[in-house]
Amino acid sequence: MCRESGRDRDRASAARHLRDFLHHRDQVTRSKTTLSPRDLEAKYEARFFIGLSLPDAWSLMAEADDGSDEATLWILADDQKSWASVDYVPGHDTFAVEQYGPRGLWDEVEAAFRLWEDRGRPERDRAGLTVASEGQHVWLDTPDNIIR
């Protein structure tokens, strides 16, 4: 989603630096979502397309270490001004969301996920990249169908 923490950042390093991103925890906006963070993490194709929409953010799934299968998905902006968390609890249909900063990062993730669904849940191999002197563009299916 955002860049994959395992690919772009060492997970142990990311966990150590999580505290650098988390601030103003007393000023969060709270909401609920029906998009399961576990389901989202399992949908690699969706995460690829979401990453195109949030190139300046990354994710980290923090697993509970008590055997409960609970987890928190963190979405962190590179500029360290915005962050979001979504708590996964097994058996629940809604999940607690907390967001802070000028961006609603979870809102952006959900919007990108819905756009991926509206496009018919395309696989990565349908995406292409054109690089030219005037810039670069990511497209879906054909170069004239620019998506970023």
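Strand β4, residues 71–77, is joined to β5 by 6 bridges, and the two run antiparallel. I count two strands as paired if DSSP finds at least two bridges between them. Helices (H or I, at least four residues) and strands (E, at least two) are DSSP runs, numbered from the N terminus. Within this pair, T72 stands opposite D87 in β5. The β4–β5 hairpin has 5 residues between its strands, and Q80 there takes a positive phi near 60°.

On to the other partner of β5. Strand β6, residues 95–100, is antiparallel to β5, with 4 bridges joining them. Here W83 faces Y100 in β6 as its opposite residue. This hairpin has 6 residues between β5 and β6, and G91 in the turn has a positive phi of about 85°.

Now confidence. This is a predicted model: local features need pLDDT of at least 70, side-chain atom pairs count only at pLDDT 80 or more, and totals for chains, interfaces and linings use all residues. Residues are numbered from 1 along each chain as its sequence is written, and side-chain values use heavy atoms, with hydrogens and water left out.

The chain averages a pLDDT, the predictor's confidence in each residue from 0 to 100, of 86, and 83% of the residues score at least 70. Confidence is highest in strand β2, residues 29–33, at a mean of 97, and lowest in helix α1, residues 5–8, at 41. Where pLDDT is low, the predicted coordinates should not be read in detail.
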